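The following exercises concern a single protein chain. Please work through each task before reading its solution.

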Amino acid sequence: MEGKEEDVKLGANKFSERQPIGTSAQTDKDYKEAPPAPLFEPGELKSWSFYRAGIAEFIATFLFLYITVLTVMGVTKPGTSKCSTVGIQGIAWAFGGMIFALVYCTAGISGGHINPAVTFGLFLARKLSLTRAVFYIIMQCLGAICGAGVVKGFQGSSSYEVQGGGANVVNHGYTKGDGLGAEIVGTFVLVYTVFSATDAKRNARDSHVPILAPLPIGFAVFLVHLATIPITGTGINPARSLGAAIIFNKDRAWDDHWIFWVGPFIGAALAAVYHQIVIRAIPFKSRA
């Protein structure tokens, strides 16, 4: 018994304080919050890394549109049953899988946005300058147009027309309000996941988080597509919607096109506000 008492005393002396649990474990700041990006940063225009990042966004969005729209083209083929084609699940996997792969490839170069809505949300959170945000969005849209154009070149005109060029439209049975709501909520899920997966606080305390960041982002895209393909074909990416609409260039592709810009931008803004103000309370910390 005496030996056990000595062991207990030794343990008590060695671990004199209880380990913090829950919110009390977060009192000591073991990470550094990145300073807000300036609104305008003219010096970026003289840096090769700035243009390299834009090129990375162009190529990534080009590849994204090429693979995903080509997958949409294969959803139904004349003379074949639906069981022999990719179906909605295959389309969702193509979108989510490509985002996972491309974010992994480009995160260290441009941040792996591949989506004007993501760029807009990060800009609102002061993660990048207006100069870089505008440049990214332009390059993303150009890449999307080129990717959709290559798909049209590969596909026969009849097959391409049957699938509507992969353009986003509000499907029959749904109103414009339904489509707008689906795009807002879907983009909120995506951009909120981006903020959470790239959070500086989590990255500092969980070393595996930066490595796994592309996985939840791609999985979020996959799940949103499963839910909203029947409603709008799932946009949640204005560049993707613009590229397909420009190459298809029919009235039905433009009738509801505004939804695929307004919805994603509203969803991204809401996600930025929710994460920065409610979850992280960053404005309140700066006052302290």
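A polar contact is a pair of N or O atoms within 3.5 Å; within protein, one must be able to donate a hydrogen and the other to accept it, and residues adjacent in sequence count only if both atoms are side-chain atoms. The model is predicted, so local features need pLDDT of at least 70 and side-chain atom pairs pLDDT 80 or more, whereas totals for chains, interfaces and linings use all residues. Residues are numbered from 1 along each chain as its sequence is written, and side-chain values use heavy atoms, without hydrogens and water.

**Exercise 1.** Determine which side chain is joined to that of S110 by a polar contact.

*Solution.* Begin with the location: S110 lies in the loop between α3 (87-106) and α4 (116-124), where helices are DSSP runs of H or I with at least four residues, numbered from the N terminus. Next, consider accessibility: S110 has a relative accessible area of 7% and is therefore buried (under 20%; exposed is over 50%, partly exposed in between, with a 1.4 Å probe and protein chains only). Then list the contacts (heavy atoms within 4.5 Å): setting aside residues up to four places away in sequence, S110 touches A53, A56, E57 and Y136. Finally, the polar contact joins the side chains of S110 and E57 at 2.6 Å.

**Exercise 2.** How many salt bridges are there, and which parts of the chain do they link?

*Solution.* A salt bridge requires a side-chain nitrogen of Lys or Arg within 4 Å of a carboxyl oxygen of Asp or Glu. The count is two. One pairs E44 with R132 at 3.0 Å, N to O. Because E44 lies in the loop between α1 (2-14) and α2 and R132 in helix α5, this pair ties together parts 88 residues apart in sequence. Both E44 and R132 are buried. K176 also forms a salt bridge, with D256, the closest N and O atoms being 2.3 Å apart. Here K176 belongs to helix α7 and D256 to the loop between α12 (251-255) and α13, 80 residues apart. K176 is partly exposed at 42% relative accessibility, whereas D256 is buried at 8%.

**Exercise 3.** Which residues touch the most other members of the largest nonpolar core?

*Solution.* Such a core is a set of buried Ala, Val, Leu, Ile, Met, Phe, Trp, Tyr and Cys residues joined through side-chain atoms within 4.5 Å. Among its 53 residues, F64, L190 and I217 touch the most other members. Elements giving two or more residues to this core include α5 (130-154), α7 (176-197) and α10 (214-232). Beyond four places in sequence, I217 contacts I99, V103, L190, T193, V194 and A197.
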